[in-house]
Structure formats: C-alpha cells, structure tokens
Amino acid sequence: MPTILVSALEASSNAHLEELRQNLPEDYRFIGVFENKDALYSPREFSIMGFRDVIGRLGFLLKAHKEMVQLAKQADMVLLMDSSSFNIPLAKKIKKQDPHKKIMYYILPQVWAWKKWRAKSLEKYCDFLGAILPFEVSYYQKKAQYVGHPLLDEIKYYKKDIKGETLVFMPGSRKSEIAKIFPLFVKTAQILEQNEGFKRRVLVVPSFFKGLDLKALYGEGIKLFEISYDAHKSLFEAEFAFICSGTATLEAALIGTPFVLAYRAKTMDFLIARMFVNLHYIGLANIFYNALNNETPGLGESQLHPELIQHFLSVENLLKAYEEMDRERYFKESLRLREYLASGSARKIANEMAFLLNLT
C-alpha cells in the first residue's frame with residue numbers, strides 16, 4: 001500500500017487533489033496536510049493572507065514544517081501542491097533528510113510573475129514538475145511537463161451561449177477578503193435590483209464554510225442572496241458574475257460566464273506586493289489570454305475581462321463593468337482560452353505518480 005505525503009494548503013489545491021484521487025488506485029494512503037479528518041492539519045489552519053498574518057503565524061508554520069519533515073519518513077513519495085513559500089523549503093528539508101525520496105510538485109509556483117529563481121530550486125529538489133499552463137514549461141530546464149489543466153477535469157458545466165438567469169457574487173474565501181469586498185457587492189446587488197428589476201442573486205460560499213454561522217461571517221447583507229455551495233453550477237446558470245480574484249475567475253472564463261474581477265488588499269500588503277510583482281493583470285484568465293495571444297503572460301495588452309483593483313474597486317465601477325462588457329466577444333474568446341488549455345491533468349499526474357513509485 002503506497003503512502004503519499006501531501007501538502008495541499010489551498011482550497012483549490014484540495015479540489016484538484018480530490019479529482020486526482022479518483023484516478024488513483026484505492027489502496028493509496030495519504031498523510032499530511034489536506035482536507036480530511038485524519039490529516040495532520042486542515043488547510044483551513046493555513047488560511048493566511050498578507051505579510052503581517054505570516055509573521056503572526058510564524059511559530060505555527062515552523063512547527064508544521066518540522067512535523068511534515070518527520071512524517072515524510074513514513075511516505076513512499078511526496079506530493080506538493082501550490083503554496084510555494086511553504087512547499088519549496090519543505091522539499092529542500094525532505095531531500096536533505098532523504099536524498100532518494102521522490103518528490104512531485106503539481107500546481108507550480110508562478111515563477112513567470114516573480115521570483116524566477118524558484119525554478120532552479122524546484123528542479124534541484126523535485127523529481128517531477130507538473131505544469132498546468134502551457135507557457136510554464138519554458139521557465140524550466142528539464143523536469144517540467146505540461147500535464148493539462150485540472151479545472152478541465154473538474155468542470156462539468158459549459159455554456160453553449162451567453163444566456164443566464166442569475167447574478168452570481170463570489171467575495172472570496174478569507175475573512176479579510178469578505179470584509180473588504182462583500183459590502184460593495186451588497187450595494188451593487190441592491191442597485192441592480194432597482195435598475196434591472198428582480199433577478200435572482202446567488203452568493204457562492206466555499207464548501208468548507210458549511211456548518212459555520214454565515215450571518216456572523218457575512219453580516220446582514222447576506223439576506224439579499226440565495227446561498228450556493230456549488231460554484232460551477234451557479235456560474236453556469238449565471239448571466240454575469242462578480243468575483244474576487246483567484247481560481248474562481250478562471251472557472252468562470254472556462255465555463256463561459258461573463259464576469260468582473262474585484263480585489264482589494266490591505267494598503268501595505270498591496271504596496272509590498274507591487275515592489276516584487278510587476279504585472280498588468282492579476283486575473284488568471286487575463287494572464288493566460290496574454291499567452292494565447294503571443295504576449296508576455298500578465299504583461300500583454302489584450303484583456304478578456306475587466307479587473308478592478310484597490311482604489312479602482314467601487315460600486316460605480318462594478319456597475320459600469322456589468323453594463324459595458326461586450327458579452328458576445330467575451331464568450332467567443334473564452335472558447336479560445338478553453339481550447340488553449342486543451343485537457344485536464346488528473347490522469348497524467350496519476351500516471352507520473354505510479355512511475356515515480358516504481359522507481360523507489
């Protein structure tokens with residue numbers, strides 16, 4: 001029975017992990033950090049946003065690192081997913097402890113955006129790098145392969161036209177995001193109801209919020225919305241979506257739902273990030289769309305959807321994005337983006353895991 005040490009700290013990584021597990025033999029045993037009651041830690045415990053939060057949780061992160069390195073002794077191989085600040089140092093420590101331990105990194109760090117030196121670290125400490133973006137491979141020397149994009153395994157609903165019956169609102173999964181963005185979404189929904197007439201308003205809530213007091217988390221404004229825990233189905237049924245940055249923006253693009261990206265961070269965190277990351281766009285769909293149009297990812301001129309960042313994020317601009325988007329063009333170009341990514345990745349990664357295990 002192969003034992004796999006997993007480090008999947010993000011909600012999106014755990015969705016990708018679940019799809020991957022469906023392509024693996026049932027006797028594979030998983031240990032580490034992932035969404036499971038028997039895991040060492042839950043990903044919820046790593047819900048950290050901003051430089052101040054990292055400093056405040058440093059003791060916890062160091063403790064988790066130490067425990068994961070010890071747990072690696074029980075594993076036949078290691079699977080790292082996203083979260084480079086935690087996972088690259090973890091790979092280094094595990095390789096130092098056991099140079100023969102096979103390590104796979106799936107959902108690679110965005111070295112094309114910043115810290116390009118991480119590519120060398122990944123190739124030094126990992127045995128296989130699963131790239132989910134076609135253009136990522138060019139940033140590595142030999143160990144990276146394009147394996148397809150995991151969302152194309154997971155999405156079951158794809159629009160055939162731009163029609164929709166609802167308005168979807170997705171204000172993020174972290175408390176700090178919700179606190180800054182949801183009040184603006186509430187006001188936007190109220191004005192749209194006055195101007196457009198009644199239209200079902202759906203608030204998509206992360207599945208791991210089930211069982212929580214949503215009113216305490218979102219406030220009184222939650223009364224305006226129907227609640228959904230199924231992001232893909234809700235986006236498929238929507239005429240338009242208002243989405244905090246993240247994987248959900250790419251999900252909307254692949255499904256074919258017009259949307260606007262809305263994001264606001266703490267001022268200090270934003271300014272520090274700008275010192276290190278110089279991109280025109282932060283939305284994954286826009287970044288991929290640049291690459292599709294033979295432009296530098298994140299630095300091109302082409303744009304699939306509007307982005308409202310920091311002081312540009314306002315109720316007025318959210319309404320403007322809704323009213324002025326060229327929905328026909330958007331839908332046509334979203335189909336091109338789906339074709340660019342080509343296929344899912346779960347089966348390919350499952351095959352590579354089996355290959356690495358045979359080498360141990």
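Residues are numbered from 1 along each chain as its sequence is written, and side-chain values use heavy atoms, without hydrogens and water. Because the model is predicted, local features need pLDDT of at least 70 and side-chain atom pairs count only at pLDDT 80 or more, while totals for chains, interfaces and linings use all residues.

Strand E5 spans residues 128-131; strands (E, at least two residues) and helices (H or I, at least four) are DSSP runs, numbered from the N terminus. Tyr106 has Gly130 as its bridge partner in E5. E5 is also joined by three bridges to the parallel strand E6 (residues 144-146), where Ala144 stands opposite Leu129. In a regular strand, side chains alternate between the two faces of the sheet. Both faces of E5 are covered, with Phe128 and Gly130 buried on one side and Leu129 and Ala131 buried on the other; buried denotes under 20% relative accessible area (1.4 Å probe, protein chains only).

The structure holds 16 aromatic pairs, defined for rings of Phe, Tyr and Trp (its six-membered ring) with centres within 6.5 Å; planes under 30 degrees apart count as stacked, over 60 as edge-to-face and the rest as tilted. Phe182 and Phe225 form a tilted pair, 5.5 Å centre to centre with 45° between the planes. Phe182 lies in helix H7 (residues 175-196) and Phe225 in the loop between helix H8 (214-218) and strand E9 (226-228), so the pair ties together parts 43 residues apart in sequence. Both Phe182 and Phe225 are buried.

Notes: Buried < 20%, exposed > 50% of the residue type's maximum accessible area, 1.4 Å probe, protein only. Pairing = 2+ DSSP bridges.
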